[in-house]
Amino acid sequence: MTDIDKVAPSRAAMPSADLRTLLSRAAIVVLSALLLFCLLLRLMNYEMRKDEQLYVPPIRLLDHYRLYEDFFYNHPPGSAWLFHWIGATIGSDHLLFSGRLSVFLAWMMFLAAIGAITYSLTRSGIISWCVAAITVTNDLFLTQTGMAATNNFLPLPLSFIGLGLFVLAVREERPKPFLLAIAGLCLSLAAAFKISAVAFIPPVAVAAFLLPRACRLSDRLLRVVAPLAAGGLVGGMPILIPLLSAPQRFLAHIAQYHTGPHLRYWQAANVPGEEPALSLPAKLLLARDIWFSTAGAVTITILLALLLTAPQAPAHHGKARLSRALDGPLLVVAGAVGCSAAMSLLPTPSFPQYFALPLVCVPLGLALLFGGLATETRTSFQKVFVAATMVVLVIEAPRIAQYTGTAVRSDRWTVTRVHEAGVAISQLIAAAGAEGKVATLSPIYPLEGQLEVYPELATGPFAYRTAEFTDQDLARWYRMTSPDQIAAMFDADPPAALLLGFDEVLERPMLDYVRRNGYLPSADLGFKDRYGSPVLYLAPSRQ
């Protein structure tokens with residue numbers, strides 16, 4: 001056999017290996033694009049939820065009104081200003097679309113951050129992709145938490161980035177002050193969207209005084225604590241500014257509402273289709289259903305396998321890396337899991353979206369554990385990781401791809417139909433020659449039609465339905481009305497129309513006003529949502 005014959009097989013094998021690598025990468029790119037496209041379609045088609053009646057209206061209201069002072073808003077200002085800014089930037093008059101697009105951009109940030117930070121910890125592109133894919137398939141994220149234009153999903157990318165950058169900044173002997181400043185910024189900014197995101201700050205703050213262990217305390221204070229605190233102070237400005245400028249008003253909306261009227265309403269109410277968890281056992285059952293969903297169960301299995309596999313890694317270098325992870329960064333993540341899980345159980349009543357916080361820690365935990373494996377173990381475990389990810393994708397495919405049939409029919413999207421409903425309402429009111437505001441507990445519809453609404457009802461039913469449970473001292477900080485007072489408000493400023501049909505109990509005083517004052521029901525509006533088939537009542541002609 002000649003030398004050429006000996007070399008020929010290896011030369012022939014090389015293109016085959018390169019081709020397999022190229023095809024694998026192309027498949028990942030195509031699958032990633034398909035997942036993102038399906039995610040976008042799901043966001044744009046997901047049926048509108050009642051909570052969006054609070055979060056979406058500020059997109060238009062903030063053009064003319066002041067947050068908290070001129071209309072009720074019982075959350076930190078981050079989501080209101082983000083949705084408003086996105087709407088102004090893209091120049092769209094489709095309000096629900098602007099809100100949902102904001103959530104999609106948050107998804108993009110979350111997945112990009114997972115990929116980048118996971119790759120930095122594992123140096124494995126395929127593992128980084130798998131961790132991101134498992135996140136996309138989480139059942140909680142594919143329902144109201146990650147699909148509606150609310151503040152539930154928005155803090156998650158920022159919290160993950162803050163935790164991830166902190167881990168990257170302190171895992172070596174020399175800390176990285178710039179990364180720590182960005183980490184502090186993101187962790188505080190997350191709380192500007194949802195107060196419960198403060199759960200990630202205590203474990204990071206404690207760890208800042210302890211890590212890296214090789215540093216002296218004075219060095220940690222200068223190079224870890226100081227930049228982290230500086231970034232946190234800047235990120236906290238969206239909360240600090242309204243808190244310092246009008247503390248009583250801000251706290252009345254953010255804290256006192258949830259611990260007073262909101263709690264008393266749910267303790268007394270019996271709302272069809274709404275089953276909040278009020279007791280600790282009920283919360284634990286709800287947490288179990290969410291955290292141990294299909295994707296969650298697979299992820300926990302992978303985590304347990306990593307925990308069991310890692311200490312058996314034969315290579316000394318792999319053990320050293322695992323030891324460093326357990327000695328610092330992994331304990332920070334464990335602390336974040338504990339704090340966020342406790343925070344999830346704290347609010348009463350409790351809803352599924354409250355249990356999203358601990359899920360932020362999962363990608364980081366997977367990356368730290370996988371990165372601590374010895375080379376030989378990593379190679380074999382990677383196949384298991386990929387196989388588990390593919391199983392989850394197959395199981396969740398029907399839900400993820402549910403709305404692919406609407407890809408070329410944007411007129412069927414929920415965001416489009418809601419906007420067109422608002423335009424139709426506007427046209428009916430104009431044709432009737434009616435003038436004035438539109439009264440409704442679903443203000444998105446008239447606002448989509450660029451109609452004026454009552455500031456007392458501008459963010460949905462949330463202040464209105466809790467009026468009887470709101471003390472007088474607290475109510476003076478809210479721009480609100482009540483079922484007992486709404487007729488007097490209409491008498492002083494008669495509505496051009498009332499859009500009813502979403503809540504029979506809460507709307508009863510409005511319907512009584514309609515009947516007493518001769519408002520005429522319009523023709524069939526041709527749309528409905530999950531809360532009912534609305535009817536537009538037009539003011540009688542004044543000629």
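# Reading helices, contacts and backbone angles

User: How do helix 13 and helix 14 run relative to each other, parallel or antiparallel?

Analyst: Helix 13 and helix 14 are roughly parallel to each other. The label comes from the crossing angle: under 35 degrees is roughly parallel, over 145 roughly antiparallel, 65 to 115 roughly perpendicular, and the rest oblique. The axes of helix 13 (residues 247-259) and helix 14 (residues 261-268) cross at roughly 30° and come within 3 Å. Axes are lines fitted to C-alpha atoms, for helices over the stretch in contact, with angles from 0 to 180 degrees between N-to-C directions. Helices are DSSP runs of H or I with at least four residues, and strands are runs of E with at least two, numbered from the N terminus.

This is a predicted model, where local features need pLDDT of at least 70 and side-chain atom pairs count only at pLDDT 80 or more, while totals for chains, interfaces and linings use all residues. Residues are numbered from 1 along each chain as its sequence is written, and side-chain values use heavy atoms, leaving out hydrogens and water.

User: Which residues of helix 13 and helix 14 meet?

Analyst: A contact means heavy atoms within 4.5 Å. Helix 13 contributes Gln-256, Tyr-257, His-258 and Thr-259, and helix 14 contributes Pro-261, His-262 and Leu-263. By type, the residues of this contact are 3 nonpolar, 4 polar and no charged. Here Ala, Val, Leu, Ile, Met, Phe, Trp, Tyr, Cys and Pro are nonpolar, Asp, Glu, Lys and Arg are charged, and the others, Gly among them, are polar.

User: Is Thr-470 buried or exposed?

Analyst: Relative accessible area sets the class: buried is under 20%, exposed over 50%, and partly exposed in between, with a 1.4 Å probe and protein chains only. Thr-470 has 12% relative accessibility, so it counts as buried. Thr-470 sits in the loop between helix 23 (462-465) and helix 24 (472-475). Beyond four places in sequence, Thr-470 is in contact with Pro-261, Ala-475, Tyr-478 and Met-480.

Met-480, one of those partners, is buried at 18% relative accessibility. Met-480 lies in the loop between helix 24 and helix 25 (486-492). Not counting residues up to four places away, Met-480 touches Glu-456, Ala-463, Ala-467, Thr-470 and Ala-475. Met-480 and Leu-217 are 263 residues apart in sequence, and their C-alpha atoms are 52 Å apart.

User: What does the side chain of Thr-470 reach?

Analyst: A polar contact is a pair of N or O atoms within 3.5 Å; within protein, one must be able to donate a hydrogen and the other to accept it, and residues adjacent in sequence count only if both atoms are side-chain atoms. The side chain of Thr-470 reaches the backbone oxygen of Thr-466 at 2.7 Å.

Gln-144 gives a case between two side chains: its partner is Asp-51, at 3.1 Å. Gln-144 lies in helix 7 (residues 144-147) and is buried, with a relative accessible area of 18%. Outside four places in sequence, Gln-144 touches Tyr-46, Arg-49, Asp-51 and Gln-353.

User: How many disulfides does a search of the whole structure find?

Analyst: A disulfide is a pair of cysteine sulfur atoms within 2.5 Å. The search finds 0 disulfides. The cysteine sulfur closest to that of Cys-339 is in Cys-361, 9.3 Å away, which is too far for a bond. Cys-339 is partly exposed at 30% relative accessibility, whereas Cys-361 is buried at 2%.

User: Which residues does a cis peptide bond with omega of about -10° join?

Analyst: That bond joins Leu-211 and Pro-212, with Pro-212 in the loop between helix 10 (201-208) and helix 11. The peptide bond from Thr-348 to Pro-349 is also cis, with omega near 0°. Pro-349 lies in the loop between helix 18 (329-345) and helix 19 (361-371).
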